[in-house]
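Open the structure in your viewer and keep the selection tool at hand.

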Amino acid sequence: MKSLKSLWASPLAKVVISFVGLFVLLFSLTVVPLMTYFLGDDVPITIYNANREPERFNDFVYVEVGIQDFTWVPIEAMPEDLRDIESNNFYRRLNEGTFYAVIEVTNNTSRVIQVVEEEPSEGLYLEIDYLFLSVDPVKTEEKYEETGRYEPVYDGIQITYRNLISVLDTNVPNMYDRLKTETIDVTLRIYRGRYILINP
Amino acid sequence: MKKKLSRYVYRFFQEALKDATEKNIISTQQEKDVLAFYEERRGLDFIRVLVSIGSILIGLGVLLFIAGNWEVISNPFKVIIILAFLAASLASSYLTSKHRPITSQALLYLSVLIFGAGLFLINLAYNFNVEAYTINFVWALGALLLSSVYKDTILFVFAHFLAFLFLTLGFNDPIYIQGFLLLVIFFAGNYYFGYRKLITFGSLTLLLVFILYVFNDLDVLAPYIALSFFAIGLLFYYFKHQINYDIFQFFGVALMGVAGFALSFKEIWQEIEWITNGSWFSLPFALAVVIYMFTLVSKRQITPLIVIAAFILRYYFDTLYDFLPRSLFFVIGGFMVLGMGYYIERFRRLEVEDEKS
C-alpha cells in the first residue's frame, strides 16, 4: 500500500489539489455578493434620461443615464466644509479621499442622500466613485448674457457610483433606447457599500 | 536532487571534466560521479514553443467563441462551461504528463489562462462588481498554487506579472494586506525555486512598486519619494550578500539613475515648501549623480553608462531645443544617440570578453 506522502506527491493528487484550489479561489469571488444577497436591504430606484440640454441636440435624442435621487443631490447633501462651491477647493478635496452616500429611504419613491467622508458602520450606503458640481445650463447662459463673462452656475452635486451605470446597461435590455421615451424601475440590494441588482 | 545548470555552463563543465579525464587528472568513474550531481537545464526549444502557442491559440479560440455567444448562455451554464474547461485542461495535462511532458506543461498553462478568463467572465455574468485588481489578485493566487504544486518557474514568473497588474490597478485602493502577502510568497518562492535570477528580478520589481504604492498612499511629496528610491538604490548596490547580488546591483544603479534623473528637474524640488528656486538643488544633485555614475563606469559597469547617456540627452534637449534650428538640433541629437549607442555596445563587448577570459 502506498504511503500517504507518496500519494500526496503523485501526479493525480497534484491534479486534484490544483482543481480544488482553483475551484475555491474561483468561488471566493462570490463571498461578498452572497453576503449582500442574504444580508442586504432592497432599494427601488428609477433610471431616467438625465440629459438636461435636449433642445441643443434637435436631430437626435442624446441619452445621459441618471438615477432619480441618486445621481443628482442638492448641495445640502454635502458636508459643510465641502460646500464652498465657488473655489477650486471642492475639486481638490474630492481627490483626497473616498466618499460615501448614506441613503435614508423615507418611502418607496423618495429618499434622502447625505455625503460623508467616513465609511458608516451600519445602515444603507454606497461607495461614491466620483463627485462633481452640477452646472445649471439655463442659469449659466442667462448670467453670461447679463455679465458677458462665462461663469458656471452650480445648482447641486452630481454623483457617480462604482460601476452602477455599466451594471444597469448590461442587465436592462435596450436601456438607452427605452430611456429616450420612458423611465425604468429597477431594484438594488445594498449591504455595507456593496450592491447587487435584484430586478431585473 | 540534481543541480540544474544552464546549457552553456553545463557543457563547459562537461568539457572541463572530459579534458581532466584525458589528462589522467581524474578517472572516468570520477568524471561520471561528479557529472551525476548536475543536469542541463531545459532551454526553450522549437517544439515546446510551438505546442505552447498552439494551446494558447486553442484556448483563446474557444474563449472567443463562448464570449461571442455569452449573452444567450444562461448564467449557471456559463459557470459549468468554465469549470468543465478547467477540469478538462487539468485532466489532459495529467494524462499527457508521462509520455508527452511538453504538451502536459502547455496544458497546465492553458489551465491558468482558463482560470483567469473564468474569473473575469463569472464576475461579468453575475455582476459581482468585483474590481479588476481583486480579480488579478485571485488570478495571481491561482498561478502561485499551480506553480508551487508543479514547481513550474514559468507559472511563478507569470504570477509576478499578475501581481504587477494587481498592484498597478489597485494603486489608489487599500491593498496593503494583499500586497504584503504576495511579496512574502514571492520572496519565499525565491528560495523554493533555487534563487533564479529572473524570479529575483520580478520579486524586486514588485517590492519597488509596492514601496511606491505605500509612498503614494501616504501622500509623500515627489522629491522625498525620489530621494528615498535613491537611498534604496544605494542600499541595493552596497549591501553585499550571496543571493543574486548582480541583480541587486543592477536594480541599485537603475534606481539611482531614475531617481537622480527625476531630481534633475527643478520643478520637483520646488514641491518642498521652503525651496523657492529648485535649480540650486537640481543642478548640483544632477552633477553629483553623473560624477558618481562615472566612478561606477570606471568599475566596468554598463548600466551607469546608460544613465549618463540619458542625462546628457536630457540636458541637450532642455538647453538647445529653443536655440538651435530644428534640423541642426535633430542631426546633432541623432549623432549623439548613434555615438552613445556605439560606445555602449563597444563597452558591452569588452565586458563579455572579460567575462569569457
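Which residue in S7(A) is the bridge partner of Val73(A)? Select Val73(A) and look across to S7(A): the partner is Ile157(A). Keep in mind that this is a predicted model.

Now show the whole of strand S3 of chain A, residues 72–73, together with strand S7 of chain A, residues 154–161. The two run antiparallel and are joined by two bridges.

For one position in it, select Ile128(A), which stands opposite Tyr161(A) in S7(A). As you look along a strand, recall that side chains in a regular strand alternate between the two faces of the sheet.

Turn to the aromatic rings. Over all chains, a search of the whole structure finds 32 aromatic pairs. Select Phe250(B) and Phe251(B): the ring centres are 5.9 Å apart and the planes stand at 75°, so this pair is edge-to-face. Are these two residues buried or exposed? Phe250(B) has 35% relative accessibility and counts as partly exposed, whereas Phe251(B), at 7%, counts as buried.

Stay in chain B and select Phe230(B), Trp269(B), Trp274(B), Phe281(B) and Phe285(B). Ring pairs link these residues into a cluster.

The last stops are charges over rings. In chain A, select Arg189(A) and Tyr37(A): the charged end of Arg189(A) sits over the tyrosine ring, 5.0 Å from its centre. In chain B, select Lys151(B) and Tyr192(B): the charged end of Lys151(B) sits over the ring of Tyr192(B), 4.8 Å from the ring centre.

Terms used: Residues numbered from 1 in each chain as written. Chains lettered and ligands numbered in written order. Predicted model: local features only at pLDDT ≥ 70, side-chain atom pairs only at ≥ 80, totals over all residues. Heavy atoms only, no water. Pairing = 2+ DSSP bridges. Helix = DSSP H or I, 4+ residues; strand = E, 2+ residues; numbered from the N terminus. Phe/Tyr/Trp six-rings, centres within 6.5 Å; stacked < 30°, edge-to-face > 60°. Buried < 20%, exposed > 50% of the residue type's maximum accessible area, 1.4 Å probe, protein only. Lys NZ or Arg CZ within 6 Å of the ring centre and 35° of its normal.
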